[in-house]
Structure formats: C-alpha cells, structure tokens
Amino acid sequence: MSLDRRVFAVALAAALVAPAALSQTAWPSKPIRLVVPYPPGGFTDVTARLVAQKLQERLGQPVVVDNRPGANGIIGVDAVAKAAPDGYTFGVVIAAYAANTTLYPKLPYDAHKDLAAVSLIGISPLIAAVSNDAPFKTARELVDHARRNPGKVSFASSGNGSAAHLTTELLKAQTGTYMVHIPYRGAAAALTDLMGGQVSLFFDAASGLINPGKAGKVRLIGVASDKRLPAAPDVPTFAEQGIPNFTGSTWAGMLAPAGTPKDIVKRVADEVARIVRQDDVRARLEGMGTIPVGNSPEEFERFIAAETTKWGDVIRRAKVTAD
C-alpha cells in the first residue's frame, strides 16, 4: 500500500471512531435535563429526584428535574421523544407509559421509534387498602363479598388507565367479580374518599398507603406481588390468601430520545444500576415500598414490552377508555 493510501486509511479509521470516543470522553459537558411527566411530590418525582441527585454527584454536572405533568404522562414523554438525542435529555416514566400505547390510539410519539429504554430503576407493587367500615378485612373476604354482591363494591383509582385502575380490573378478571370503578383525578382525592368511606377499595403504591395504614385511617389487606414488602411486612400477598398469580405494580424507569449515542445510554444505565445498589438509596427505595432493579437497556426494553402486552390485554378485555 502506498504512503498516501496508508495515511488515508488511518484518517478514515480515526474519523469512524471519533464520534463514539468523543461521546465517551467529552460527555457530559453541560447540565442534563431529567423530564418527569408528573407533578412534584409523587412517586415518580420522588424517585427521579433521588436518582438525579446521585447522578449529579457521579457525573459531575447538574441533573435538573423538569416536571411536565398532564395527559396521563403523555406531555412529558412527548417532550423527551422530541428532544435532541445528544445525551442531555432523559425522562422517568411509570407503568402508565406502557398502558398508554393501548389506551390512546393516537399518541404524539411512537413509543417504538422515538424513545429508547435506558434502565428500570425500581418496581413498586401495589397494595390494596379498604375503608375501615368495609364489610371485609382481608383480600379473601373482599373477593368472597364481591362475588356474593356483584356491583355493590366500589373501587377508587387515580384515573382511567392508571396502574390502580388496571390492577383492580385484573383482579376482577381473575376472580370473576364485578366491582364499580370510581375514577379520581389523582391518588390524593381517591385516598381521601376511601378514608371517608365513600368508596370501599383502592390500590396504590405502598409509598402512598403505608402511613395512612399505620395511622389506622385505612386497612391494608394485600400486596399484589409474589413477596411481601420490607416496608409493609405485616401485609400478606394475595397469593398467601388463596388468590394466586395476581400481581400489579407501578414502576419507574429511565428513557432517552431515540438516537441518543449508545455509549451514553449504557453509561447512564450502568450508573443507575450502581446508584440503586448504594445502601442509602436502596434503603430509601425499600422504605417507599419500591424494589430496586437497575438493569440494562436491553432488559428494560423487554420489560416494557411485557408490561405493554399485559396491560394492553387488560384494557381491551375490560374495554377501558381514556378520560
């Protein structure tokens, strides 16, 4: 090979390698935006801020939480989907992200083409809470009562298509019961009416129900998981009460705009995995009733696909529609 050709070959190889090397060495060089599609203070926001603080420490750049609530998370997710894929915008989504694919026929983004999975932060199995004056004190008693009295049990949710709504629809389908859905605009309003006895049943993340349960304002009767939660060790699973294979949860995971350099996506996924395994973070998550995960982009992508299928089936069978 002539000298000129060798020089050209070396230059070409350097040009091909440069973008990946650049993203690894120069990133991050400015603040990172972390979009949260829900208001401050809730499960998604608290989880996102916990991870953002640790990411900031590890990456050496500010990680700024940007709350973009509305439309069951769609507004915030759309902001992530339409952001520049340069590694400076990420988003944190929950189970509604998977359900929305079926719930809304026309989304402003394509979940398969416009967004990339980064890492599943953690899974928060839902807990069933009942009002103190409800005529049932266990999950088994709830199911038996609902079977004997179709349409007489009302259940609250934080909105049509929410994890609380779909988990209860799944329970109805698996147990052959009929209960009446009362949707609310948010978990706080649903919990208020549960405590007041206006509704009988409400599923929610443990973070929202543990304290009211401890205070005696509601009764916690079952965890929709295959294991008890460290944050609520006295609350048995539904399986322990003779209702097998019933699970429902919300979860928090990070996404990036499609096209974000893969080495950056992997770096963030690796950092999330390290963060959720830190003793203080793990303790905080478990105290909220969340099981830390921290997996790879490929694993999180498969998880989203499974959740989309699971809740899509529930939505179609129960004929759930958006507000």
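Predicted model: local features only at pLDDT ≥ 70, side-chain atom pairs only at ≥ 80, totals over all residues.

Student: How many helices and strands does the protein chain have?

Tutor: The protein chain has eleven helices and ten strands. These are DSSP runs numbered from the N terminus: helices are H or I runs of at least four residues, and strands are E runs of at least two. The C-alpha atoms fill a box of roughly 90 × 40 × 30 Å along the principal axes.

Student: What makes Thr-250 count as buried?

Tutor: Buried means under 20% relative accessible area, exposed means over 50%, and partly exposed lies in between (1.4 Å probe, protein chains only). Thr-250 has a relative accessible area of 7%, and therefore it is buried. Thr-250 is found in strand S9. Leaving aside neighbours within four places in sequence, its contacts (heavy atoms within 4.5 Å) include Phe-43, Ile-94, Ile-123 and Ala-205. Of the 323 residues of the protein chain, 51% count as buried.

Student: Why is Asn-245 called exposed?

Tutor: The relative accessibility of Asn-245 is 69%, and the limit is over 50%, so Asn-245 counts as exposed. Asn-245 lies in the loop between S8 and strand S9 (249-257). Its phi is positive, about 60°, although Asn-245 is not a glycine.

Student: How do you know that Lys-319 is exposed?

Tutor: Lys-319 has a relative accessible area of 70%, so by the cut-off of over 50% Lys-319 is exposed. Lys-319 is placed in the segment after helix H11 (297-318), and it has a positive phi near 55° in a residue other than glycine.

Student: Why is helix H3 described as largely enclosed by the rest of the structure?

Tutor: Seven of the eight residues of helix H3 (residues 74-81) are buried, so the helix is largely enclosed. Among these buried residues are Ile-74, Asp-78 and Val-80. The buried residues of H3 pack against S1, strand S3 (89-93), helix H4 (95-103), S4 and S9.

Student: How do you know that the buried residues of H5 line one face of the helix?

Tutor: In helix H5 (residues 139-148), Ala-139, Leu-142, Val-143, His-145 and Ala-146 are buried. Seen down the axis of H5, these residues fall within an arc of 165°, so they line one face. The arc is that of the directions from the helix axis to the C-beta atoms. Their cover includes helix H6 (163-175), strand S7 (201-205) and strand S8 (219-223).

Student: What makes a set of residues a nonpolar core?

Tutor: A nonpolar core is a set of buried Ala, Val, Leu, Ile, Met, Phe, Trp, Tyr and Cys residues joined through side-chain atoms within 4.5 Å. The largest such core has 69 residues, and those with the most contacts inside it are Tyr-97, Phe-203 and Trp-251. Strand S4 (residues 115-130) supplies the largest share of this core, eight residues. A second, separate core of 34 residues includes Trp-27 and Met-254.

Student: Which peptide bond is cis, and where is Pro-28 found?

Tutor: The bond joining Trp-27 and Pro-28 is cis, with omega about -5°. Pro-28 is found in the loop between helix H1 (3-26) and strand S1 (32-36).

Technical notes:
Residues numbered from 1 in each chain as written. Heavy atoms only, no water.
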